[in-house]
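Hello,

Here is the structure I promised to pass on. Please open it alongside these notes, which go through what turned up.

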Amino acid sequence: MVENRKASAILTHVILIAGIVFLCFPVWVALVASTHPGEALTKSPIPMWFGDHAVENYRQLLIEGVPAAGGVPLSTMMINSLVMALGITFGKIAISLISAFAIVYFRFPFRMVFFWLIFVTLMLPVEVRILPTYDVVASLGMLNSYSGLIIPLIASATATFLFRQFFLTIPDELVEAARIDGAGPIRFFIDILLPLSRTNIAALFIILFIFGWNQYLWPFLITTDQDLYTIVMGIQRMVNVGEGIPIWNYTMGTAVLAMIPPVLVVLVMQRLFVKGLVESEK
Amino acid sequence: MAELKLDNVGKTYPGGVMAVEGANFDVADGEFIVLVGPSGCGKSTILRMIAGLEEITQGELQIGGRGVNHLEPGERDIAMVFQNYALYPHMTVRANMAYGLKNQGMPKDQINARIDEAARFLQLEPYLDRKPRALSGGQRQRVAMGRAIVREPSVFLFDEPLSNLDAKLRTQLRAELKDLHKRLKATFIYVTHDQIEAMSLADRIVIMSAGKIEQIGTPMELYSKPASTFVAEFIGSPPMNVLKGDSVGGAGLLSQYTGTAGNVGYVGVRPEALSLGKSGLQATVTLVEPLGAETLVHLKLGDDIMIMRGAHGIDLAPGAEVHLSVPDEALTVFDRDGRAVVSSA
């Protein structure tokens, strides 16, 4: 190891660079494809460098929509996706913080039963309970609405479990000091627990936002109104144009647009997340 | 400022484990009381019951003449300093100190005035805007004290506040604590397992063992008139030599005793009461520990080991045969249950 430092440095770099190229290639193709006119992509060789249709393609996508795929502008879909993803993220964080708080800090009958109930639902993904959930949402008249998109997805056993584990690591003396300082449960929650959970919240925000953004099956089931379509559904509709020539330029453009918000969230929150990690220690 | 009254206060855990059997004692206003004992003796439980962190399962606790059994900790007019400081890690020193007052709804300028005063007193002024993790252990403990001081409570509770600090800092902060008590003139209740801390700080010591109070008294009372062999062997460093009355050494010591002995079980003598003489008890030196100002000499009498506190530079080697002189008034006699026999002498 020590003797071959230079050779091993070169080798590791080559492997890493190869990995990056391998991972980035599809993204590159998508970016390039979204800047060409549709016909350019049906002929081989497919172009590897940007074309001159970027502005037209994206304007068509964002403002007018693609007639072959329903004609809904992507800006509407992106806003729908954003509302849904943020709603799911904030909802999940709020609910799991509160339920973890109850499970860790309060002694009530059947506390452990509730904990295990929550824990067991970890094993049930949305797809498993999709029929009963759909039935409930339909009877509550929440089809084709933001609340119908968001509310059924905001209970999170994973996040509850994560916050529970974190709360258990907070020393009892801190709770006791707060009690002596005259802080009741709600004040303790807001003044002490929330600030201490900052890093966990940031980490979860990233994961949950992407989870929410990428929802496909659920919005597909409960929305029939085009104005409520999300962008992930939009990609699928681009691919399924039926008998026409595949509109790869628009499909790829949609994919690129769908990627931007999650990338931004990761970039912004990651900085916060790392800062939190460096700053707070117990 | 308030006095404290524990009337048969006890704690039994749900499983039936009794942590504290009914404790009875009063604490005068402005008194410095130290609860001392080995770990698991219930001293911390008593402190936590006074604080309201632990439910009292029997008896009544009064602070300043009012029963507080069912009051929340925040309503008891107490402040507590924890062993691991328990500072809020995400708050600055100032915010840590302000938190309790803020919860009481005190106006901001008044809070700041109190914090500034406490910070000056504790020499924390340069650190007010730092977070606890940027402070050393000693500074953190000062902040924890500051957090208690600004609330101006009637009773200060300390749960082994110096145990996490190194020896030098401990000595320094011990002196500061004593000074603090003098200046605040408040009631202090302090828990420690370190008998030296207890001796040097306390007006009165409550010494506990296995959930029971063994003895309550001033440090000198406990030292010179231990109520039981437990107290005798807990207080003092090295502790009192306690020998069985019917062993070789014990019988030898008892032969010097002139008081009414009665039902003798054990006999004790402080290391410093022993001295070398021309005649008297014969013993063999087994170990010599020179400590600078003094020298500890381990002696063997039959099967018994005793420690003598000798002068600096005492010239003895292991194996030497010596004679011990023991003044009879230095002996403490205990009955077979380990309780001190009150002698008329």
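Predicted model: local features only at pLDDT ≥ 70, side-chain atom pairs only at ≥ 80, totals over all residues.

Two strands pair if DSSP finds at least two bridges between them. Strand 13 of chain B and strand 17 (residues 321–325) of chain B run antiparallel and are joined by three bridges. B:Leu276 sits opposite B:Leu324 of strand 17.

**Sheets in chain B**

The sheet that holds this pair is open and has five strands. Its order is 13-17-14-15-16, and the pairing is antiparallel. Strand 13 (275–277) and strand 16 (304–311) of chain B are the edge strands, and each pairs on one side only. From one strand to the next, the twist averages 55°.

Chain B also has an open sheet of four strands. Here the order is 2-1-4-5, again with antiparallel pairing. Which strands stand at the edges? They are strand 2 (18–27) and strand 5 (66–67) of chain B. Each has a single partner strand, so one side of each is left without a neighbour in the sheet. For strand 5 of chain B, strand 4 (residues 58–63) of chain B pairs with it in the antiparallel sense over two bridges. B:Arg66 in strand 5 is the bridge partner of B:Ile63.

Helix 1 (residues 43–51) of chain B lies across strand 1 (4–12), strand 2 and strand 4 of chain B. Helix 1 runs at about 65° to strand 2 of chain B.

**Helix packing in chain B**

Two packed helices are described by the angle between their axes and the distance between the axes. Helix 2 (residues 93–104) and helix 4 (residues 137–149) of chain B pack at about 30°, with axes 8 Å apart. Angles under 35 degrees count as roughly parallel. Helix 2 and helix 4 of chain B are therefore roughly parallel to each other. Helix 2 of chain B passes helix 4 of chain B in a right-handed crossing. From helix 2 of chain B come B:Val93, B:Asn96, B:Met97 and B:Gly100; they meet B:Val143, B:Gly146 and B:Arg147 of helix 4. By class, that contact has three nonpolar, three polar and one charged residues.

**Helix packing in chain A**

Helix 3 (residues 74–105) and helix 10 (residues 198–213) of chain A pack at an angle of about 140°, their axes 8 Å apart. That makes helix 3 of chain A oblique to helix 10 of chain A. The crossing of helix 3 past helix 10 of chain A is right-handed. Among the residues of helix 3 of chain A in this contact are A:Met84, A:Ile88 and A:Ile93. Helix 10 of chain A gives residues including A:Leu204, A:Phe205 and A:Trp213. The class count is ten nonpolar, three polar and one charged.

**Where the chains meet**

17 residues of chain A are in contact with 19 residues of chain B. On the chain A side, helix 8 (172–180) and helix 9 (185–196) are the elements that give two or more residues. Helix 8 of chain A gives the most, with six residues. This side of chain A has eight nonpolar, two polar and seven charged residues.

**Confidence in chain A**

The average pLDDT of chain A is 85, and 94% of the residues score at least 70. Where is confidence lowest in chain A, and where is it highest? It is lowest in helix 2 (residues 54–64) of chain A, at a mean of 79. It is highest in helix 9 of chain A, at 92.

Best wishes

Methods. Residues numbered from 1 in each chain as written. Chains lettered and ligands numbered in written order. Contact = placed C-beta atoms within 7 Å. Nonpolar A, V, L, I, M, F, W, Y, C, P; charged D, E, K, R; others polar. Axes fitted to C-alpha atoms, helices over the stretch in contact; angles between N-to-C directions. Parallel < 35°, antiparallel > 145°, perpendicular 65-115°, else oblique. Left-handed = near helix turned anticlockwise from the far one by under 90°. pLDDT = per-residue confidence, 0-100.
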